[in-house]
Amino acid sequence: MAASGIAPRILCIGIPVRDLTFRVEAVPARGSKANASHLAELCGGNALNAAIAIARLGGRVSFAGPMGDARETSSGFILAQMAQEGIDTSHIVRMPDVTTPVSAIMIEASGERTLTIYRDPGLWGVQLPKADELLADCRALLVESRCGAFCSDLCAEARRRGIAVIVGVDRAMSLHDGLLTAASHVLFASEQVQETAGIADDGKALRRLARLTPAFLAATRGPLGTIWLNETGELEETAAFPVHAVDTLGAGDVFHGAFALGLAEGGNVRRALLFAAAAAALKCTRHGGGMAAPQRVEVEEFLRERP
């Protein structure tokens, strides 16, 4: 898959987060202490990690969503990082007297992460700019599933205009969530698809949800690859690339961003899933959460070496 002509513009909708990451040998037991071997301060959040990936992979990317009060420091840090990545921030809405989310993340030697996060409830009161402004020259939307409360109508309008709407799911959804029917593509993690469907089997869970939405449905399973339903309703799998993982933080978000870009560039689902698997695999080989997303040339070389 190669970019050609003018890069497609993708709009990412989400809630940016300031991440403090600590590398530890193991997550400490309750009530105990542990020394970290490394500390990093990053900008994160599902949609923002995906936006970084899209920018590095050659897409044009804009970001919309709420951010805290203009006077607080976390938002300034995040906006500076976004500017460095070339992400358009003109659609971000600053929320007076609201705090930008902050998370504390522990990353074990295996690459697994444990985190806690604070999100100010006031963030969900955001009103995004008008659809005509947000969707102009837009090839695809990539949305955090938690943001349905303030963007479901926009997603439905995008679909009416023939724009792909990809929803990245990292928590259980309600079966009545408007994003399920407003989306063209829904990408779950394994645990979340099972929780959403109420079925302890990825394939059966996907089939149950397929009765509720016409969207393409898939579930990512880390090193076990991705399981998905094809156009005839049959289950297919896209294998993950085996790598030595040192940091899985943001890997699913990078996958979502690469998948969205693959679709926006005109690729079919199979090619987009393969492209996304390669980008996520490379991200897992380096520390830095979503800020460790690979460049386009790295992904293309990685795929050439693994036919």
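**Sheet, helices and cores**

Nine strands make up an open sheet of mixed pairing, in the order β5-β4-β1-β8-β9-β10-β11-β12-β13. Strands (E, at least two residues) and helices (H or I, at least four) are DSSP runs numbered from the N terminus, and two strands pair if DSSP finds at least two bridges between them. The edges are β5 (88-94) and β13 (235-238), each with a single partner strand, so one side of each has no neighbour in the sheet. From one strand to the next the twist averages 20°.

This is a predicted model, in which local features need pLDDT of at least 70 and side-chain atom pairs count only at pLDDT 80 or more, while totals for chains, interfaces and linings use all residues. Residues are numbered from 1 along each chain as its sequence is written, and side-chain values use heavy atoms, with hydrogens and water left out.

Strands β10 (residues 185-189) and β11 (residues 216-220) run parallel and are joined by five bridges; His185 stands opposite Phe216 in β11. Next, β11 and β12 run antiparallel, with three bridges, and Ala219 has Ile227 of β12 as its bridge partner. The hairpin of these two strands has five residues between them, and its Gly222 takes a positive phi near 60°. β12 and β13 also pair in the antiparallel sense, over four bridges, with Ile227 opposite Glu237 in β13. In their hairpin, Gly233 takes a positive phi near 85°.

Both faces of β12 are covered: Thr226 and Trp228 on one side, and Ile227 and Leu229 on the other, are all buried, meaning under 20% relative accessible area with a 1.4 Å probe, protein chains only.

Helices α1 (residues 46-56) and α2 (residues 73-85) pack at about 20°, with axes 10 Å apart. Axes are lines fitted to C-alpha atoms, for helices over the stretch in contact, and angles run from 0 to 180 degrees between N-to-C directions. That makes α1 roughly parallel to α2, the term for angles under 35 degrees. Leu48, Ile52, Ala55 and Arg56 of α1 meet Ile78, Met82 and Glu85 of α2 in this contact, where contact means heavy atoms within 4.5 Å.

The largest nonpolar core has 54 residues, and Leu48 is among those with the most contacts inside it. Such a core is a set of buried Ala, Val, Leu, Ile, Met, Phe, Trp, Tyr and Cys residues joined through side-chain atoms within 4.5 Å. Helix α9 (residues 269-284) gives the most to this core, eleven residues. Apart from it lies another core, of 42 residues, including Phe188 and Ile227.

Key: Angles under 35 degrees count as roughly parallel, over 145 as roughly antiparallel, 65 to 115 as roughly perpendicular and the rest as oblique. Buried means under 20% relative accessible area, exposed over 50%, partly exposed in between (1.4 Å probe, protein chains only).
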